[in-house]
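Here is a short report on one structure. Please look at the sequence and the model first, then read on.

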Amino acid sequence: MRELWDGVARFVDPDDPDALAEAVEGLLADPAAAWSAGRAARRRALGYSAEAMAHGYVALYRALLAPANAKEEAA
């Protein structure tokens, strides 16, 4: 899900064990970078709470229904 995690996650080809090993080894070799990436990922994840998702859906439904509601009010 690059659209959600780009900038805070390291992506590897799931069929490339060497790439996965390299990514993990890179984090193990640089604990400060691993800590920073973990904090950034946690901040990003907190934005995807159930409450945030519900607000997003309500806003989407309102936007989608606005043209239909405008037509009904004009009639």
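Ser36 lies in helix α3, residues 31-46. Helices here are DSSP runs of H or I with at least four residues, numbered from the N terminus (strands are runs of E with at least two). Ser36 is partly exposed because its relative accessibility is 37%. The cut-offs are as follows: buried is under 20% relative accessible area, exposed is over 50%, and partly exposed is in between, with a 1.4 Å probe and protein chains only. Val8 is 28 residues from Ser36 along the chain, and their C-alpha atoms are separated by 9.0 Å.

This is a predicted model, in which local features need pLDDT of at least 70, side-chain atom pairs count only at pLDDT 80 or more, and totals for chains, interfaces and linings use all residues. Residues are numbered from 1 along each chain as its sequence is written, and side-chain values use heavy atoms, leaving out hydrogens and water.

**The loop and the charged patch**

Val12 sits in the loop between α1 and α2. Asp13 is in that loop between α1 (2-5) and α2 (17-29) as well. Val12 is partly exposed, at 31% relative accessible area. Asp13 is partly exposed too, at 43%.

A salt bridge is a side-chain nitrogen of Lys or Arg within 4 Å of a carboxyl oxygen of Asp or Glu.

**Helix α4**

A search of the whole structure finds two aromatic pairs. One of them joins Tyr57 and Tyr61: the pair is tilted, with 5.9 Å centre to centre and 35° between the planes. Rings of Phe, Tyr and Trp (its six-membered ring) pair if their centres lie within 6.5 Å; planes under 30 degrees apart count as stacked, over 60 as edge-to-face and the rest as tilted. Tyr57 and Tyr61 are four residues apart in helix α4 (residues 50-74), so about one helical turn separates them.

Both tyrosines also belong to a nonpolar surface patch, together with Met53, Leu60, Leu64 and Leu65. The patch has about 640 Å² of accessible area in total. Leu64 lies in helix α4.

Ala59 and Arg62 are found in helix α4 too. The table lists relative accessible areas for residues of this helix.

| Residue | Relative accessible area | Class |
|---|---|---|
| Tyr57 | 43% | partly exposed |
| Ala59 | 45% | partly exposed |
| Tyr61 | 47% | partly exposed |
| Arg62 | 62% | exposed |
| Leu64 | 57% | exposed |

The C-alpha atoms of Ala59 and Leu46 are separated by 19 Å, at 13 residues apart along the chain. Arg62 and Ala21 are 41 residues apart in sequence and 46 Å apart in space, C-alpha to C-alpha.

Conventions:
Patch = residues over 30% accessible without salt bridge, like charges linked within 9 Å, V, L, I, M, F, W, Y side chains within 5 Å. Areas by Shrake-Rupley, 256 points an atom, 1.4 Å probe, with all protein chains shown as cover.
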